[in-house]
Amino acid sequence: MKNKVLITGGAGYIGSHTCIALHEADYDIVVYDNLSNSSREAINRISTLIGQNIEFVEGDIRDTELLRKIFASHEFFGVIHFAGLKAVGESVAKPLLYYNNNVSGTINLLEVMTEYNVKNLVFSSSATVYGDPESLPIDESSKRSCTNPYGQSKLMVEHILEDLAISDTGWNMIALRYFNPVGAHTSGKIGEDPKDIPNNLMPYISQVAIGKLDKLNIFGNDYPTVDGTGVRDFIHVTDLAQGHVAALNYLDKQINLNESRTIQKNLVGFLPINLGTGKGTSVLELISAFSDVSGKTIPYQFTSRRSGDISSCYASADKAKSLLEWQAKLSITDMCKDTWHWQSMNPNGYE
Ligand code: NAD
Ligand code: WQD
């Protein structure tokens, strides 16, 4: 029988790409999303791409009764938990909203999972839990610290999952710490669709390229980097989606292995894994790559550093390679090409 997986936040940017990768890998999926930062059109497009209607439930992870109903009517192997709010600036202005949605929402989901004895989880964590890293590349044992409510909410959930793993060895949980997801599906049918002016670099660049925004403000050119601008580990969302398939496959394999053992039990517990390419790219390098593939000039100006920004951040991707047998394949050129394809085919996103 195919494994069935609940995808919270599956209508969103990373979730929608992961739905396609899971379908291609022969998983059954049920998407659960309150559409607070996504649209029904994303669901329609996923259905078109996979050639069948996906099962979609419009609901909030804080709605216990609705979650119970969904768990009672399906036999889930596990949950991929994307649902959450993700804007750093907004989280500073509305901390209670972020803690309620991201932390209380996750606790609620975990309680219902416990009730229905579904104890396999892949959680969307973030490289933000490393704060300002002491050394590079960042591996999973690096010190964790956060300075804003969004980051705190991810770190709090990681601590909750760690405690849960200690309290009950039946849990198998992987926290995937994403670096900087960019790009879009090669079809140009799904991609990132920011509701307001983008906070993140790649969608900002592509909206400048399409003429929706005048110019890019580059936040600082005096960092100790190759050209003075910030350096990040950009990862194609399609590679990221494959990382989720690899994580589920890993859980499945470990559980089967465990069931066949009589003496040594070796469940997963809480396992944090970076999903990054291991390579750093500067803001100016990304702009240059985007100009090359789109043929568009990206006007920009240097402004002061953005509060809370760090100089450089890139992953050690060794753990994902050795445990999940996963590594990123797509280049910065692929990331820019697919972003531009999505942006030019959908100048107003899913509208
Ligand atoms: P997204 O906003 O596109 O997707 C999140 C989805 O969750 C949206 O469809 C939204 O409607 C839904 N959602 C939010 N709160 C919900 C709730 N209470 N109940 C049900 N659904 C809810 O964001 P994304 O970029 O796809 O990110 C997915 C996850 O990955 C998030 O948890 C985010 O924090 C994490 N993450 C994202 C990035 C990034 O840069 N995109 C980096 C690291 C981690
Ligand atoms: C990248 C670089 C900016 C916009 C954020 C969150 C993090 C994670 C991913 C979820 C930096 C520069 C940006 C602009 C610019 N999300 N920049 N002008 O800050 O690495 O990470 O998204 O977990 O938590 O903090 O990504 O794309 O915002 O910035 O110069 O208009 O681009 O200063 O150097 P960041 P980003």
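**View 1. Pro-137 sits in the loop between β5 (120-126) and α6 (149-167).** The structure shown here and in the following views is a predicted model. The peptide bond that leads from Leu-136 to Pro-137 is cis, and its omega is near -10°. Most peptide bonds are trans.

**View 2. Asp-26 has a positive phi, near 75°, and is a residue other than glycine.** Asp-26 is found in the loop that runs between α1 (13-24) and β2 (28-33). Is Asp-26 exposed or only partly exposed? With a relative accessibility of 46%, Asp-26 counts as partly exposed.

**View 3. Asn-117, which is not a glycine either, has a positive phi of about 55°.** Asn-117 belongs to the loop between α5 (95-115) and β5. The relative accessible area of Asn-117 is 57%, so Asn-117 is exposed. Most residues other than glycine have a negative phi.

**View 4. The largest nonpolar core contains 48 residues.** Those with the most contacts inside this core are Ile-7, Leu-22, Ile-80, Ile-174, Leu-176, Leu-248 and Leu-324. At least two residues of the core come from each of β1 (4-8), α1, β2, α2 (40-50), β6 (172-178), α8 (237-260), β11 (269-275) and α10 (318-324). Which element gives the most to this core? It is α8, with 10 residues. In soluble globular proteins, nonpolar side chains tend to be buried together.

**View 5. Ile-7 is in contact with residues beyond its neighbours within four places in sequence.** These contacts are Cys-19, Leu-22, Ile-29, Val-30, Val-31, Tyr-32, Ile-80 and Phe-82. A second core of 28 residues is separate; Phe-71, Phe-76, Val-79 and Met-173 are among its members.

**View 6. Ligand 1 has 27 residues around it.** Those that come nearest are Asp-33, Asn-37, Ser-38, Phe-82 and Tyr-150. By type, the shell around ligand 1 divides into 10 nonpolar, 12 polar and 5 charged residues. The largest share of this shell, 3 residues, is supplied by β5.

**View 7. Polar backbone atoms of Tyr-13, Ile-14 and Asn-34 lie close to atoms of ligand 1.** A polar backbone atom of Tyr-13 is 2.8 Å from an oxygen atom of the ligand. For Ile-14, a polar backbone atom is also 2.8 Å from an oxygen atom of ligand 1. At Asn-34, the ligand atom is a nitrogen, 3.1 Å from a polar backbone atom. On its own, ligand 1 has 820 Å² of accessible area, and the protein covers 95% of this. Two or more residues of the shell come from each of α1, β5 and α6.

Technical notes: Residues numbered from 1 in each chain as written. Chains lettered and ligands numbered in written order. Predicted model: local features only at pLDDT ≥ 70, side-chain atom pairs only at ≥ 80, totals over all residues. Heavy atoms only, no water. Helix = DSSP H or I, 4+ residues; strand = E, 2+ residues; numbered from the N terminus. Buried < 20%, exposed > 50% of the residue type's maximum accessible area, 1.4 Å probe, protein only. Core = buried A, V, L, I, M, F, W, Y, C linked by side-chain atoms within 4.5 Å. Contact = heavy atoms within 4.5 Å. Near = heavy atom within 4 Å. Polar contact = N/O pair within 3.5 Å; in protein donor to acceptor, adjacent residues only side chain to side chain. Areas by Shrake-Rupley, 256 points an atom, 1.4 Å probe, with all protein chains shown as cover. Nonpolar A, V, L, I, M, F, W, Y, C, P; charged D, E, K, R; others polar.
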